[in-house]
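Here is a friendly briefing to read alongside the model. Please keep the sequence and the 3D view open as you go through the points.

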Amino acid sequence: MYNRRMSCLLYKLTDIKTEHDHFQVERLGYTKGQAVFEAGCAAGAFLDSLARQYRVYVSGVDFAGNLVEVARRRVKGSFCTADARNLSFVADNTFDHSLSFGVLTYADSPMEACQTASELLRIIRPGGTVFLGQINDPSVAGHRSPRMEGGIGVHPDYWHKFGYQTGVNVNVTRGEEIYSKRIIPTLDHYDLHGYLRYNVYMQKDATFHYPHCNAFRSRKPTVRFTVEGVACAQPFYYEGVAFDDCTTVRRGVGEWCCTAMKCSEDNWSRCSSTFNNIALGQGI
């Protein structure tokens, strides 16, 4: 069974709370009696919906202590005040599934996204799923309405790099493919967020590797150099995957990059820890 400090009570209700929640989570594969964790649970509305529909055990954390108190009063589960990027009080492989709905809406960099996603993967068992809902797409930020909250966002392509580094299966789904008037003609309210945001679905297996999130420092390409002072190519392609920053995959030497767009054994080297055009001559 899962960690006693995060133990939750099963409660039986009838239907999922909102149509919106149903379309977001129906593909996650939750089954009765499983343990589900949410990072950024706020007052527990989303977990309340999950427990009603799937009869699962629910637990969650949120940065806002006042909202955690509300969740404790309204939902039969276990709730704590904590930062989604640091769940060190939860043991590895504790839950069956985890999710974060709307938290990464406020992310401004891939590094923030990496920290949250890595923790949500760490605490679930192999075979479990992670759902990251409602992430702003910076490539369409110019079309966003003032009604839409959140940060600049994280480009959808980032998640394929994240999956490559961690060894998890990743699927990125545009919001409009799940919840929009195009898919659900009976919708009678605002759905613009469906076209400007996306969701990420991940499945963990036994090959999961906890990533080095400092490899994803910025949302835009940053000039990086090797320890020899040669500029890294931006992007460079390694095994068919494009990288716009130094990476830690495969080689076991810390951060490294290729100095030509097409990687080979002759044009890669360790990255310098500097970010300008004067290489420090040292690795990380």
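## Helix α4 and the cysteines

Helix α4 is mostly covered, with 10 of its 13 residues buried. Please bear in mind that this is a predicted model. The protein has six helices and 11 strands, and four disulfides are found in the structure.

- The buried residues of α4 are P110, A113, C114, T116, A117, S118, E119, L120, L121 and R122.
- Their cover includes the strands β1 (35–39), β4 (97–101), β5 (129–136) and β7, along with helix α5 (158–166).

**How α4 meets α5**

- Two packed helices can be described by the angle between their axes and by the distance between those axes.
- For α4 and α5, the angle is about 45° and the axes are 11 Å apart.
- That angle makes α4 oblique to α5.
- The crossing of α4 past α5 is right-handed.
- On the α4 side, the residues that meet α5 are P110, A113, C114, A117, S118 and L121.
- On the α5 side, their partners are Y158, W159 and F162.

- C114 and C213 are both buried.

**The disulfide of C232 and C257**

- C232 and C257 form a disulfide with their sulfur atoms 2.0 Å apart.
- C232 sits in the loop between β7 and β8 and C257 in strand β10 (residues 256–258), so the pair ties together parts that are 25 residues apart in sequence.
- The link of C232 and C257 is left-handed, with -75° about the S-S bond.
- C232 and C257 are both buried.

**The disulfide of C258 and C263**

- C258 is joined to C263 by a disulfide, with 1.9 Å from S to S.
- Is the link of C258 and C263 left-handed or right-handed? With 120° about the S-S bond, the link is right-handed.
- C258 has a relative accessible area of 0%, so it is buried.
- C263 has a relative accessible area of 16%, so it is buried as well.

**Pairing order and the cysteines without a bond**

- With the bonded cysteines of the protein numbered in sequence order, the pairing reads 1-2, 3-5, 4-8, 6-7.
- C41 is in no disulfide, and the nearest cysteine sulfur, in C80, is 9.0 Å away.
- C41 counts as buried because its relative accessibility is 4%.
- C80 has a relative accessible area of 22%, so it is partly exposed.

**Around Q34**

- Q34 lies in the loop between α1 (19–25) and β1.
- With a relative accessible area of 18%, Q34 is buried, because the cut-off for buried is under 20%.
- Leaving out residues up to four places away in sequence, Q34 touches G29, V56, Y57, D96 and H97.
- Q34 and Y57 are 23 residues apart in sequence, and their C-alpha atoms are 6.0 Å apart in space.

**The protein as a whole**

- The protein has 284 residues, and buried residues make up 52% of them.
- Of the contacts between residues at least 6 apart in sequence, 67% join residues at least 24 apart.

Definitions and conventions
Residues are numbered from 1 along each chain as its sequence is written. This is a predicted model: local features need pLDDT of at least 70, side-chain atom pairs count only at pLDDT 80 or more; totals for chains, interfaces and linings use all residues. Side-chain values use heavy atoms; hydrogens and water are left out. A disulfide is a pair of cysteine sulfur atoms within 2.5 Å. Buried means under 20% relative accessible area, exposed over 50%, partly exposed in between (1.4 Å probe, protein chains only). Helices (H or I, at least four residues) and strands (E, at least two) are DSSP runs, numbered from the N terminus. Contact means heavy atoms within 4.5 Å. Axes are lines fitted to C-alpha atoms, for helices over the stretch in contact, and angles run from 0 to 180 degrees between N-to-C directions. Angles under 35 degrees count as roughly parallel, over 145 as roughly antiparallel, 65 to 115 as roughly perpendicular and the rest as oblique. A crossing is left-handed if the near helix is turned anticlockwise from the far one by less than a right angle, and right-handed if clockwise.
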